[in-house]
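Today I am opening my notebook on a new model to look up its charged side chains. Come along and check each entry with me.

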Amino acid sequence: HREQLQRHRAENEAYIAEITQSFEELVFLRNMAGYLELTDLSHDPWKLAETVLPVLCSSIKAESLILVPTREDGKSCDAANAEVGEPTLWVGSQATKGKTCRRLVERYMHEAAEQPVVRNAFHEAPEGARFPGVREFLLVPLSAAGRVAGWLLAINRVAGRGFMPRNDQCPLSHMEFGTVEAGLVTSAASILAVHARN
């Protein structure tokens, strides 16, 4: 009975964590819509990003969240011909060099055009050696109607409150990016892309 009780307790904690995460996602998206209404967006296409990315970085528990525009400084261009510019907006640690971030986007941008690119334990893969300081990353394009304005790159997940090591009840480590983080970044990227295009 004790084992069964412990199993039920672990399941309940996992459900509570999932509900809390869903609530945080909804609050973030609602706040983002509010920022869009309140911010004067007529001059700088990245004004909204300056407001939103710190909140997003905290929500997905990333060490760094970087906005990398197209070479045309965020002007939307055809996805097939998009060229990667220099990182423009940087939230969190700047331990990873800008050059490394740019090369990472160049390497995975075509893959990201199909779906968010998530690489956990990247530093353990042979290719990871070419990108020092990157343990895991998440890459999403800022695209709307087949046109790309840039990319959002999240680097290295940090443990949040209630960190639990990998176990049977929690198979995905809290030190990895998953579908929740990819979904949040994709939603933010879509809104930013539409704004940049407008």
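I began with arginine 102, which counts as buried at 17% relative accessibility. For my own reference, buried means under 20% relative accessible area, exposed over 50%, and partly exposed in between, with a 1.4 Å probe and protein chains only.

A note on the source: this is a predicted model, where local features need pLDDT of at least 70 and side-chain atom pairs count only at pLDDT 80 or more, while totals for chains, interfaces and linings use all residues. Residues are numbered from 1 along each chain as its sequence is written, and side-chain values use heavy atoms, leaving out hydrogens and water.

Which residue does arginine 102 meet in a salt bridge? I found glutamate 106, at 3.8 Å from N to O. A salt bridge here is a side-chain nitrogen of Lys or Arg within 4 Å of a carboxyl oxygen of Asp or Glu. Both residues lie in helix 3 (residues 98-112), 4 residues apart, about one turn of the helix; helices are DSSP runs of H or I with at least four residues, numbered from the N terminus. Glutamate 106 is partly exposed at 37%.

Next I looked up arginine 119, whose salt bridge with glutamate 111 has its closest N and O atoms 2.5 Å apart. Arginine 119 is partly exposed at 27%, and glutamate 111 is partly exposed at 35%.

Then came arginine 130, partly exposed at 45%. Its salt bridge is with glutamate 127, at 3.3 Å between the closest N and O atoms.

How many salt bridges does the rule give? I wrote down 9.

Notes. Helix = DSSP H or I, 4+ residues; strand = E, 2+ residues; numbered from the N terminus.
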